[in-house]
Structures are given as C-alpha cells and as structure tokens.
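Here is a short briefing to read alongside the model. Have the viewer open, and follow the topics in whichever order you like.

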Amino acid sequence: MNWVKDNVVAYLPDTHIRGIAIGNEVLGGADEFSGFLLGAVKNVYDAVNKLKLSHVVQITTAHSQAVFANSFPPSSCVFKDNVVQYMKPLLEFFSQIGSPFCLNAYPFLAYMYNPEQIDINYALFLPTEGADDPKTKLHYDNLLDAQIDAAYAALEDAGFPKMEVIVTETGWASDGDDNESAATPNNARTYNYNLRKRLAKMKGTPFRPKKVLKAYVFALFNENLKPGPTSERNFGLFKPDGSISYDIGFHGLKSSSADSSLLSFKDIRARSLSSFYSITLTISTALLLVFSI
C-alpha cells in the first residue's frame, strides 16, 4: 500500500500512469523469483484496488520469448513445461482483472540468433517472400506478427484464447559488437520506421485480425552504462546527451546537431523529481499513442 501511495498516487493526476509492470521477464529463466510473482502481482493489485485506481492503472508483468517451448510455426507455440505451473495461475488472475499478456518481442534478437534461417528483410518489415504456417494456412510477411501470433497460440493452448497480447518492448539496436553486424543505424531506423507504419494501419495479426496491435518501443534513451554486449546500450531513439540517434519521421525531432533536439539533463536535474517522472512517462505514453495510430 505504501509503495503505491509513494510511487503512484503521489504523482497523480499530473502524471498519466496507465499501468504497473510487476517485474520484467521473471518467468522463463532462473526460477529464483518465479514462485513470488503471482503474490507480488496480487499485493499491488489489492493496493491499487483499495485506492480505487484499478479502473485507471492496469497491473501486469512482461514476458520474454523464453517462456515458450517453441515459436515457429506460430500455431505450434506452447509454454515451457517448467513455466506452466507459474504461468497458468498468473493468467487466471489476469483474466479475472482484465489484464493483457505482455510480451517483449525482438525480431532483432531472433535474427541475430539464427541469421542463416531468417531473412533480414522479414525481420525489418521489408518486402520478402515471408513465411506460411502449415497448420493455419496463414501467411506472415514480417517476423513481429509471427512472434505475436505464437504468443496467442500459447495462450489458446493454455486455455486463454480471449486474452489480448500487448508488445511491451520491441526495437532494434543501432550499434553492436563485431559479431552483431545487424546492429546498425540504418537497420534500427528501418525497423522502427516500418514498425510505425505497421501500427498506423490499425489492424491485428493474421491469427487475431480484429485485435489492433499495440506496442511500446524500446527504448527512449540509449542506456550507456548498461552491461553486456554493445547492442544492449544502443536501442534508444535518443542518445545519452539528449540528441536523437536517428530520424524515424516523428514531427518535432530534428537532426542530432540541432539544439531543439536536445533534452537537457541539467534542466531535468534542476526540476523536481515529479517533473522528471512526468517528462519520462509522458514521452513513453506519447510513443505508444503515436505508434498505435
């Protein structure tokens, strides 16, 4: 309760908080925290509900594709055996409170893991022969749609065919190590620009054509202090100094040399913490809205 009051209620209504993700990619890896996820979700939901905010602030958690036993063809996707015991009770609760299944979907990573089998044009929304699902007879002209429909197939297999899938992270790295040759500014620009066009069509996927696709772009800024491969520090639309990484056609985003494209971190530090939250969350929300219209 105190956490929700301090981190949510304190910033309303100036900050438009629409959801709380309890953990990130908790399931599918080490089981250290898997058994605690549902309890944590229920605790936060109970607090939000008691504060009469459950109709405004949605409670969920985001999953990586590591929760799936397989993902191609999409119709064959199911949850891993060691995930099901935690996933099904979680999905039952989300079904009760009306929360979606949140997926972090990265065609970039899929291509990097299997460049010999995946056409990069298929990953970048560029013209390609695409792929067919032999069971459903559905055709896919891009990898993201196939990844999302794999999640829908897994949900249907688990008994939740009506649950919506929302993409909580997707993006493409603009720089990488020597073994990450696909991480280039041009590929990152192409992916995010074409993602924007894909979402602007306001349509669903081949398997769920009536559910309009919603997606959050990862990420707003390059995380220059993040450990791991170079690509992990280069998913941002903006650089750490506030200049844009590359232009994907947003009105108001100028070239990286223009003063107007800079977001001054000195200015942010000079403002209150609540202002910083407001800026960050407002921009994040704007990205979702722009990419889904």
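Does asparagine 187 count as buried or exposed? At 12% relative accessibility, asparagine 187 counts as buried, where buried means under 20% relative accessible area, exposed over 50% and partly exposed in between (1.4 Å probe, protein chains only). This is a predicted model, in which local features need pLDDT of at least 70 and side-chain atom pairs count only at pLDDT 80 or more, while totals for chains, interfaces and linings use all residues. Residues are numbered from 1 along each chain as its sequence is written, and side-chain values use heavy atoms, with hydrogens and water left out.

**Overall make-up**

- The protein has nine helices and seven strands; these are DSSP runs numbered from the N terminus (helices H or I, at least four residues; strands E, at least two).
- Of the 293 residues in the protein, 44% are buried.
- Among contacts (heavy atoms within 4.5 Å) between residues at least 6 apart in sequence, 63% join residues at least 24 apart.

**Asparagine 187**

- Asparagine 187 belongs to helix H7, residues 185–200.
- Leaving aside residues up to four places away in sequence, asparagine 187 touches Ile120, Leu124, Trp172 and Ala182.

**The nonpolar core**

- The largest nonpolar core has 76 residues, of which Ile59, Phe68, Phe79, Leu91 and Phe101 touch the most other members; such a core is a set of buried Ala, Val, Leu, Ile, Met, Phe, Trp, Tyr and Cys residues joined through side-chain atoms within 4.5 Å.
- Helix H6 (residues 143–158) gives the most to this core, with 11 residues.
- Not counting residues up to four places away in sequence, phenylalanine 101 has contacts that include His63, Phe68, Phe79, Met87, Leu91 and Glu164.

**Helices H2 and H3**

- Helix H2 (residues 37–50) packs with helix H3 (residues 81–97) at an angle of about 20°, their axes 9 Å apart; axes are lines fitted to C-alpha atoms, for helices over the stretch in contact, and angles run from 0 to 180 degrees between N-to-C directions.
- H2 and H3 are therefore roughly parallel to each other, a label for angles under 35 degrees, with over 145 roughly antiparallel, 65 to 115 roughly perpendicular and the rest oblique.
- On the H2 side the contact is made by Leu37, Leu38, Val41, Lys42 and Tyr45, and on the H3 side by Pro89, Leu90, Phe93, Phe94 and Ile97.
- By class, this contact of H2 with H3 has nine nonpolar, no polar and one charged residues; Ala, Val, Leu, Ile, Met, Phe, Trp, Tyr, Cys and Pro count as nonpolar, Asp, Glu, Lys and Arg as charged, and the others, Gly among them, as polar.

**Backbone points to check**

- The peptide bond from leucine 12 to proline 13 is cis, with omega near 0°, and proline 13 sits in the loop between helix H1 (2–7) and strand E1 (19–24).
- Phenylalanine 218 and alanine 219 are also joined by a cis peptide bond, with omega about 10°; alanine 219 is in the loop between E7 and H8.
- Glutamate 25, in the loop between E1 and H2, has a positive phi near 55° without being a glycine, and its relative accessible area of 32% makes it partly exposed.
- Lysine 52 has a positive phi of about 60° although it is not a glycine; lysine 52 lies in the loop between H2 and strand E2 (58–63) and counts as exposed at 65% relative accessibility.
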